[in-house]
Amino acid sequence: MTPSTIAVVEPDDLIRALLERWLTEAGHRVCVATPASLSQVGPVDLVVASVDSPRQAAAFVRGVQGATAAPVLLTSTRFVQRPADPGRLARDMGVREVLGKPYDRATLLAAVARALS
């Protein structure tokens, strides 16, 4: 299996460090980016990005998609932990996957696997 390259856009230092560790331990290459620097990180297979509010997600997602063609896994503390239809929520937001915070390692890696498939 070729390792995937995942861009992490996470403003919280502790969560970003945890994401880097979990994704690296799972065999992925990780690059840290900001929304403004995302277009400069090079080709990536997935963007894992945090958004403060689902109401602001549309503009944020448009900016990310303008910077890269990679699919997006969007995370937020404002997302319901177990939405009734996560696929619909992701489609409504224009992303591949959504994930409510907090999440554990297994939940993150399962969402990443789905987003990469």
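A residue counts as buried under 20% relative accessible area, as exposed over 50%, and as partly exposed in between (1.4 Å probe, protein chains only). This is a predicted model, in which local features need pLDDT of at least 70 and side-chain atom pairs count only at pLDDT 80 or more, while totals for chains, interfaces and linings use all residues. Residues are numbered from 1 along each chain as its sequence is written, and side-chain values use heavy atoms, with hydrogens and water left out.

Q: Is Ser4 buried or exposed?
A: Ser4 lies in the segment before strand E1 (5-9); strands (E, at least two residues) and helices (H or I, at least four) are DSSP runs, numbered from the N terminus. Contact means heavy atoms within 4.5 Å. Leaving aside neighbours within four places in sequence, Ser4 is in contact with His28, Arg29, Asp45 and Leu116. Because its relative accessibility is 14%, Ser4 counts as buried.

Q: What is the handedness of the β-α-β crossover from E1 to E2?
A: E1 and E2 pair in the parallel sense over 4 bridges, where pairing requires that DSSP finds at least two bridges between two strands. The chain passes from E1 through helix H1 (residues 13-25) to E2. A crossover is right-handed if, with the strands pointing away from the viewer, the path from the first strand over the helix to the second runs clockwise. This crossover is right-handed.

Q: Which residue in E3 is the bridge partner of Ala7?
A: Ala7 stands opposite Cys31 in E2. E1 is also joined to E3 by 4 bridges, and these two strands run parallel. In E3, the bridge partner of Ala7 is Val47.

Q: How many Å apart in space are Gly42 and Thr68, C-alpha to C-alpha?
A: Gly42 is found in the loop between strand E2 (29-32) and strand E3 (46-50). Its relative accessibility is 34%, so Gly42 counts as partly exposed. Gly42 and Thr68 are 26 residues apart in sequence, and their C-alpha to C-alpha distance is 8.8 Å.

Q: Where does H2 bend?
A: Ala57, Phe60, Val61 and Val64 are buried in H2. The bend at a residue is the angle between axes fitted to the seven residues ending there and the seven starting there. H2 bends by about 25° at Phe60.
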